[in-house]
There are 2 protein chains.
Amino acid sequence: MPDDRISLVFAALADPTRRAILTRLTQGDATVAELAAPFDVSQPAISRHLKVLENAGLISRTRRATARLSHLEAEPLREVTAWLARYQRFWDESHERLDELLAALQGRDPEGRADAAPTNGADDGQDRDHR
Amino acid sequence: MPDDRISLVFAALADPTRRAILTRLTQGDATVAELAAPFDVSQPAISRHLKVLENAGLISRTRRATARLSHLEAEPLREVTAWLARYQRFWDESHERLDELLAALQGRDPEGRADAAPTNGADDGQDRDHR
DNA sequence: TCGTTTTAGAACAAGGTGGTTATGAAGTGC
DNA sequence: GCACTTCATAACCACCTTGTTCTAAAACGA
């Protein structure tokens, strides 16, 4: 996986264990042992999950005595949400197309889907690192 | 990577090439050759990226003559956004903490961060499959 | 200082990812 | 039917990921 910020965040979120850890952290900071408890994986495995989350900026860590506390940092999630927001109109378009389909079923023009395929201009200006 | 839906979507989005493909598809359906053009990777590599996107439900495909058109399906992005929405209040809390920090800098209580660490109750009820 | 607790790192195995090249299958059109 | 275009699949490779166990480092408490 590439090492740009948003790719790291998406990759970190692709693992259910890590998502569950983030969810747990919404209830408050926690030690490694506390985070490891619900899972039947070893402590080093959890430590590595935490490192992945930390590299993605999704958690920060502090010391308390011999323990290390993990703290949720939600800012990257905000960035991801901002990225996703650009696609929101396509959810709406799905609804429009559904309307079109219903209209078509009632009468004419059984062509449901636009076919633009402009020769190019791809990419979006913030994914400029595909290896 | 696990094979639950949301993990597949996050994993698919973790690759910049695939994100760029999705962005391209916001301009209209496209053939494999058209999608491959902006990248300096082989056609089979693009075909596999498309398969990943299809498995995640992010695109659908139809035939037109000998070509296969890819079509953006934004619904999974909506699901991801819904998942992320649960963390929105923590962005707000960051702001609250920023306010607290500013207040602290002006006077008292240099303790910036709550320390709950409730013994457990982890997981979130929709990530119930950590292998 | 020394033992205890807590966590991280090293070394290893198994499996996945993303890239390549070579080749075959599907569909069109003459 | 046959050649051509378009795409997918197979086989292979390098590397990354996730898990393991074993061990060491860090911070404390006695």
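Visitor: In what order do the three strands of the open sheet in chain B stand, and is the pairing parallel or antiparallel?

Guide: The model is predicted; local features need pLDDT of at least 70, side-chain atom pairs count only at pLDDT 80 or more, and totals for chains, interfaces and linings use all residues. Residues are numbered from 1 along each chain as its sequence is written, chains are lettered from A and ligands numbered from 1 in the order in which they are written, and side-chain values use heavy atoms, with hydrogens and water left out. Helices (H or I, at least four residues) and strands (E, at least two) are DSSP runs numbered from the N terminus, and two strands pair if DSSP finds at least two bridges between them. In chain B the order is E1-E3-E2, with antiparallel pairing. Strand E1 (30-31) and strand E2 (59-64) of chain B are at the edges with a single partner strand each, so one side of each has no neighbour in the sheet.

Visitor: How many bridges join E1(B) to strand E3 of chain B, and which residue is the bridge partner of Thr31(B)?

Guide: Two bridges join E1(B) to strand E3 (residues 67-72) of chain B. Within E3(B), Thr31(B) has Leu69(B) as its bridge partner.

Visitor: Which helices pack on this sheet, and at what angles?

Guide: Contact means heavy atoms within 4.5 Å. Axes are lines fitted to C-alpha atoms, for helices over the stretch in contact, and angles run from 0 to 180 degrees between N-to-C directions. Helix H2 (residues 16-25) of chain B touches E1, E2 and E3 of chain B, its direction making about 90° with that of E3(B). H4(B) also packs on the sheet, touching E2 and E3 of chain B, at about 120° to the direction of E2(B).

Visitor: What is the strand order in chain A, and which residue stands opposite Thr31(A)?

Guide: Chain A has an open sheet of three strands in the order E1-E3-E2, paired antiparallel. Its edge strands, strand E1 (30-31) and E2 of chain A, each pair on one side only. E1(A) and E3(A) run antiparallel and are joined by two bridges; Thr31(A) stands opposite Leu69(A) in E3(A). H2(A) lies across E1, E2 and E3 of chain A, at about 90° to E3(A). H4(A) packs on the sheet as well, touching E2 and E3 of chain A, and its direction makes about 120° with that of E2(A).

Visitor: Why is helix H1 of chain B described as largely enclosed?

Guide: A residue is buried under 20% relative accessible area, exposed over 50% and partly exposed in between, with a 1.4 Å probe and protein chains only. In helix H1 (residues 5-13) of chain B, seven of the nine residues are buried, so the helix is largely enclosed by the rest of the structure. Among them are Ile6(B), Val9(B), Phe10(B) and Leu13(B). The buried residues of H1(B) pack against helix H1 (5-13), helix H2 (16-25) and helix H5 (75-85) of chain A, and against H2, H4 and helix H5 (75-85) of chain B.

Visitor: Is Arg61(B) buried or exposed, and which side chain joins it in a polar contact?

Guide: A polar contact is a pair of N or O atoms within 3.5 Å; within protein, one must be able to donate a hydrogen and the other to accept it, and residues adjacent in sequence count only if both atoms are side-chain atoms. Arg61(B) lies in strand E2 of chain B and, at 18% relative accessibility, counts as buried. Its side chain forms a polar contact of 3.1 Å with that of Glu54(B). Leaving aside neighbours within four places in sequence, residues in contact with Arg61(B) include Val32(B), Leu50(B) and Arg68(B).

Visitor: Which residues come nearest to DNA strand C, and which element supplies the largest share of the surface near it?

Guide: A residue is near a strand if one of its heavy atoms lies within 4 Å of it. Of the 26 residues around DNA strand C, the nearest are Ser47(A), Met1(B), Ser42(B), Arg48(B) and His49(B). H4(A) supplies the largest share of the surface, five residues. Of the DNA strand C atoms within 4 Å of the protein, 64% belong to sugar or phosphate and the rest to bases.
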